[in-house]
Amino acid sequence: MSATLDRPTSAIDPTRGARLNEKVRAERRLGWYLAGPAFAVMLLVTAYPIIQAVYDSLFDYRLTDPENSSFVGLGNYGVILTDPVWWTSFGVTVFITVVTVAVELVLGFALALVMLNALRGLRPVLRTVILIPYAVITVVSAFAWQFAFSVESGFVNSWFSWIPGVTAETDWFGTQGASLFVICLAEIWKTTPFISLLLLAGLAQVPDVLQEAAKVDGATWWQRLRRVTLPNMKAAIMVAVLFRTLDAFRVFDSVFVMTAGANGTETVSFLAYRQTIERVEIGLGSAVSVLLFLSVVLISALFIKGFKVDLSQARGE
Amino acid sequence: MSTREKVGWGIGGLIIIIYCLFPVAWIISLSFKSSDDISNGQFLPTVFSGANYEQILVGDAAGLFLPALVNSFGICLIATFISCLLSMFAAYAIARLDFPGKKLILSTALAVAIFPVISIVTPLFNLWRQIGLYNTWPGLIIPYLSLTLPISIWTLSAFFREIPWEMEQAAQVDGATPWQAFRKVIVPLAAPGVFTTAIIAFFLAWNDFVYGISLTSTEAARPVPAALGLFSGASQFESPNGPIAAAAVIVTIPVVLLVLLFQRRIVAGLTNGAVKG
């Protein structure tokens, strides 16, 4: 970091030291001139709003009734944390996060293995199609899955009528369990490719020699997977899981499109949206936003400290 | 690899292709169903009809859809441009210069990338209303930077680190002026990275729904995803599903085209720097 200490010559020759110092300082200055604007904009669009949200969350403030805004301290948090609505949405969010990330990890790994081992001619095709779910916007993916399952316009009910309990009239969006199933399906479809690309990059770094050596030693495919492949790509796996967990935790689009939060499918993001934008309860909505933000910080801290995910290392620092 | 293994991986590949394309094929199929056909319970329409496209492009829904398309393109392109410009300078500094705070900038970018969008929306909703940015293009472009800027900085820094910068000096030694060295050597090397970054940033902005639906109220600024989410059909007796499917296909076409054209670069951009390499 401190470039001056790295240059012992500066201590010997004072005039040269001053010049070098000037050069180092100029470089530092230039660094901040160039990177500063981007840094400032990032802070402006996130740090400022979250500070404002913390401030707003301390008031009983409704947009349509600004006269009666009053300071309530942590009152909004008390209201939220004692309300079952919050805990339902929190539970739903955790459920969606855990289910989708777990399935995506296994499925994504399978996809990565196929992409790694597929014939040379097939590989570019696979790498192209795998990007399509990633590139399709979430709202469109949510609509596609919703329409497929809907009684009105879907084909799922007629295709799967051989499964007990599925009839032409099965309303997938009428119960909590079935709605969450379809929401998770849509999320998994859309985001597995991203995970599989990260895992593929990790797989490519497992040294071939290790695989060969294990093969020579008579290790089965499963043993090689567990003892050689997985430990060697731990960093890639953890980074993929962390990113997807945080992404899944703010799930909003699919819920909005498919159920609009009906039948106990409301997530934390949706709750914040409903309080702020629909009910214009700025105070309460801000408090939900702050709680969501704290959850995300907590998850990151847990991953980075608990599982020792070294992001700087994983990011090629 | 034995023939059996080859066939096995080949079948696996085929499953991936179906997996990725099936929902897309379904929404395309649905978009060609006429209103009588929507509820036929089948995957394919009995007759292909262009009625849904007609409705959103020239019919009743055009007033809702076309301005949203213009808004989306305009807002996303501007946001992408600004974040590429800012991150080009930042990434150059991170990749080439030695200055304290590099790590701070990269960590900040990471923190911003994982920031829950809805936590930004709440205060902005209030502030934008007060200062008149609610339901305007700048009112969306500014928060979109929180989506596009972090990924641009990360991706571009990773790309810029790979550039053999000494070639610039080599060119100057060979008699090129600094400007020539920059234009003829560095720009061609850096352009693919900048371009890839722009595509990925554009994807993120194009995909946004939370900002779009929270910070706009009319077609003056509402982007396509939000318009889709709010579209409820020409009349209450008509299912909106067909026109929504047609609109969904239209907004999907540009991104799929980008993917097909620049597949290799996008994969490199997404994973470059995500894993040590």
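Because the model is predicted, local features require a pLDDT of at least 70 and side-chain atom pairs count only at pLDDT 80 or more, whereas totals for chains, interfaces and linings use all residues. Residues are numbered from 1 along each chain as its sequence is written, and chains are lettered from A, with ligands numbered from 1, in the order in which they are written.

Chain B contains 11 helices and zero strands, where helices (H or I, at least four residues) and strands (E, at least two) are DSSP runs numbered from the N terminus. The C-alpha trace of chain B extends over about 75 × 70 × 35 Å along its principal axes. Of the 277 residues in chain B, 47% are classed as buried, a residue being buried if 20 or more other C-beta atoms, placed from the backbone, lie within 10 Å of its own, exposed if 12 or fewer do, and partly exposed in between. Among the contacts in chain B between residues at least 6 apart in sequence, 75% link residues at least 24 apart, with contact defined as C-beta atoms, placed from the backbone, within 7 Å.

In chain A, the domain assignment, which is automatic or taken from a database, gives domain 1 (3-40) and domain 2 (84-314), and the centres of these two domains, taken over C-alpha atoms, are 46 Å apart. Strand β1 (residues 59-62) of chain A runs antiparallel to β2(A), to which three bridges join it, pairing of strands requiring at least two DSSP bridges. A hairpin of two residues connects β1(A) to β2(A), and Arg62(A) is positioned opposite Asp65(A) in β2(A). Strand β2 (residues 65-71) of chain A lies largely in the open, because zero of its seven residues are buried.

Between the chains, 88 residues of chain A are in contact with 88 residues of chain B. Helix α2 (residues 14-56) of chain A contributes the most to the side of chain A that touches chain B, with 19 residues.

Helix α7 (residues 138-149) of chain A packs with helix α11 (residues 241-271) of chain B at an angle of about 145°, their axes lying 10 Å apart; these axes are lines fitted to C-alpha atoms over the stretch in contact, and angles run from 0 to 180 degrees between N-to-C directions. In this contact, Val140(A), Phe143(A) and Phe147(A) of α7(A) meet residues of α11(B) including Ile244(B), Ala248(B) and Val251(B).

Note on methods: Two residues are in contact if their C-beta atoms, placed from the backbone, lie within 7 Å.
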